[in-house]
Amino acid sequence: MTLLRSLIIGVLAVAAAQLVRTLLADRRRPVRRIAWILLLAPYFTPVLLTGYAYANFSLSLIHHPAINTIFYSALLWWKFTPIAAVILYFTPAPISAEAIHCRRLTSAGSRFGDWTFLIRAGCAGGPVAAFAVVFLFAFAEFEMASLMIVKSWTVALFDAHAGGLALSESLCRTLGPLLCEAIAIATAFVVLGRRQVIPTRRIEGNCASRWFAWCHLVIAFVLVLVIPAAMVLWGTIRGFGLLMENFVLSREILASLLFAIGASTLAGLAVFWLGAAARGRSIGSIFCKVILAAAVFAGLLGSLVLSLTVLAAVQLPGLISLRDTPVPLIFTLGLVLLPMALVLKRVLELTAHQSALHLTTLMQKSRAVCELTWKLSTSGKFWVMVLLFVWAYWDLMASSILAPIGMTPVTVRLYNLMHYGQIAALSAMTCAAFAAPIFILLLALGTRRWWAPR
């Protein structure tokens, strides 16, 4: 069931991304900016927020599982379409639409011949890679499926493991899903490995396609982010007094912040340092490339499979001393973050202002020059680290399996409480958990004159 649902979501995501891409490449800068905001906001919305907001609605559909599954699938479609859109935007077709039209005018072949020509020309590479990555994310999704009571292999395996299933049996049950994930990862590696990643050319769609693209972006933004956030904020207003009287999440929030800092730092160092060392054709560079590829492959397996593997590894005699430490969780989260960190690093390289940055090194040092250097160079790396930090902070799967005793992350605590329904105090707790990384972000921005490179 999960396999079929993920395949359908992958196809629909690629179809929607083809239309959304026209807005991302629009000639007008305000249109592009609004389109990017509406596109990326649902993807970076924590899954716990969306799942918690619609948990009661899914519970009311307990006697209509088909409708509940369709709604859950639609949420995944809206949430993961940004992945396909970004891949299509940065991996455009090697030949233009005009060239394809000229080929059709000069050829009397059949429609099948046209499709064969397009595939041989490499036009199918981007859509295939986008489909493979979206399928991978939808197939490994757990948090929303669990809160919305949807049948999924991740939920079944996690519940069985939490219920006392032997670790060896849990690993055996991952073999089938692992094969599906490995095929998707290999497909994405092969397709994207042969393509030069460049921003797409500006393309214009017809009125109907642009209208559908705007509708898709607005609906996704409202249903995945706005409505869940409004529901949580409304509950926070009613439960704020209870939260002030007895704030019980301070230790959990601190633990999540420490794990997120460690994991995002590990992923950032691996991408920026190991990625730089992997350039070239020396033996050391090839070795770094192999390590980086293996780490990305492991990270794309998803939190559940990777966490169970790491949990089995720390039972071995040589690693058992690490079992009750934060090391396994930080290492696992770092691997999970690595693929996204690589994508963000590549986006930075494509949008870098190398010439302008070189001019700042020739200018006399001043506060204005430092601010310019921040905008041209440091700010991009900073926001990459912020996204990685937030992603690690809201992780649930690895945190629930590998967190050491006495350092329970806030997501695990909230996830356990969310199964009892929506209450005002829980909404206030969720809002407080949201406020913690925002406070850290504002603190970092406010003190950047002391730590940002000059």
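Modeller: Let's get one term out of the way: a polar contact is a pair of N or O atoms within 3.5 Å; within protein, one must be able to donate a hydrogen and the other to accept it, and residues adjacent in sequence count only if both atoms are side-chain atoms. Bear in mind that this is a predicted model, where local features need pLDDT of at least 70, side-chain atom pairs count only at pLDDT 80 or more, and totals for chains, interfaces and linings use all residues. Numbering starts from 1 along each chain as its sequence is written, and side-chain values use heavy atoms, with hydrogens and water left out.

With that settled, look at E252 and R413: their side chains are joined by a polar contact of 2.9 Å. Side chains of opposite charge can pair when their charged atoms come close. For a salt bridge, the cut-off is a side-chain nitrogen of Lys or Arg within 4 Å of a carboxyl oxygen of Asp or Glu. That rule gives four salt bridges.

Take D26 as a place to begin. One of its bridges goes to R28, with the closest N and O atoms 3.1 Å apart. R28 counts as partly exposed because its relative accessibility is 48%, while D26 counts as buried because its value is 2%.

D26 also bridges to R210, and there the closest N and O atoms are 2.9 Å apart. As for helices, they are DSSP runs of H or I with at least four residues, and strands are runs of E with at least two, numbered from the N terminus. Both R210 and D26 are buried.

Now back to E252 and R413, which also form a salt bridge, the closest N and O atoms being 2.9 Å apart. This pair, too, connects distant parts of the chain, from E252 in helix α14 to R413 in helix α21 (residues 410–418), 161 residues apart. E252 counts as buried because its relative accessible area is 12%, whereas R413 counts as partly exposed because its relative accessibility is 28%. As for shared partners, salt bridges join D26, R28 and R210 into one network.

What else does E252 touch, leaving out residues up to four places away in sequence? Contact means heavy atoms within 4.5 Å, and by that test E252 touches T408, P409 and V410 as well as R413. Its own helix, α14, covers residues 250–277.

Finally, a word on confidence: pLDDT is the predictor's confidence in each residue, from 0 to 100. The protein averages 80, with 78% of the residues scoring at least 70. Confidence is highest in α1, at 91, and lowest in helix α7 (residues 111–120), at a mean of 48.

Notes
Buried < 20%, exposed > 50% of the residue type's maximum accessible area, 1.4 Å probe, protein only.
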